[in-house]
Amino acid sequence: MGLLDGIMGNASEADIQSTERELKTIITTDEKVEKAFKLIRDSIVFTNQRLILIDKQGVTGKKTEFHSIPYKSVTHFSVETAGTFDIDSELKIWISGSSQPISKQFKKDKNIYDIQKALATYVMK
């Protein structure tokens with residue numbers, strides 16, 4: 001998947017090495033990026049220790065929020081797939097101590113299953 005998928009709001013798998021270089025200032029010395037997905041400018045990154053949600057903000061995308069979630073803090077998660085008239089898919093992640101889930105929207109996207117599978121793999125260890 002490429003640029004067109006990103007513009008359309010579809011998630012595409014990101015390169016591990018470039019994602020690690022981008023995160024070098026926030027990941028620990030023994031932490032490794034194992035899987036990453038790009039959604040327009042935002043990213044969902046799975047390391048061997050935590051989930052990192054990257055939210056690029058503003059017109060230039062220079063302002064960035066890194067939301068780190070230890071896998072043990074995820075209490076449950078859900079995937080809502082796109083329907084005939086509702087073309088959006090949605091991933092919701094509930095974190096211990098928070099009543100509202102973190103929610104990410106995807107356009108009619110098959111990669112939401114890959115993201116859900118990665119989340120299940122790391123959370124249910």
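A contact means heavy atoms within 4.5 Å. This is a predicted model, where local features need pLDDT of at least 70, side-chain atom pairs count only at pLDDT 80 or more, and totals for chains, interfaces and linings use all residues. Residues are numbered from 1 along each chain as its sequence is written, and side-chain values use heavy atoms, with hydrogens and water left out.

**View 1. Contacts along the chain.** Take the contacts between residues at least 6 apart in sequence: 34% of them join residues at least 24 apart.

**View 2. Helices and strands.** The protein has three helices and eight strands. Their order along the sequence is α-β-α-β-β-β-β-β-β-β-α. Helices (H or I, at least four residues) and strands (E, at least two) are DSSP runs, numbered from the N terminus.

**View 3. Inside and surface.** Of the 125 residues, 39% are buried, meaning under 20% relative accessible area (1.4 Å probe, protein chains only). The accessible surface is about 7,600 Å², found by the Shrake-Rupley method with a 1.4 Å probe. Carbon and sulfur atoms hold 54% of that surface.

**View 4. The cavity.** One cavity of 30 Å³ or more is present. A cavity is a set of points, on a 1 Å grid over the protein atoms alone, where a 1.4 Å probe fits but cannot get out.

**View 5. The cavity lining.** F37, K38, L39, D42, S43, I44 and K104 line the largest cavity; lining residues have an atom within 4 Å of a point.

Methods. Buried < 20%, exposed > 50% of the residue type's maximum accessible area, 1.4 Å probe, protein only. 1 Å grid on protein atoms, 1.4 Å probe; cavity = no way out; pocket = protein on both sides within 12 Å on 5 of 7 lines; lining within 4 Å. Points joined across faces, edges and corners; volume = space filled by probe spheres on them.
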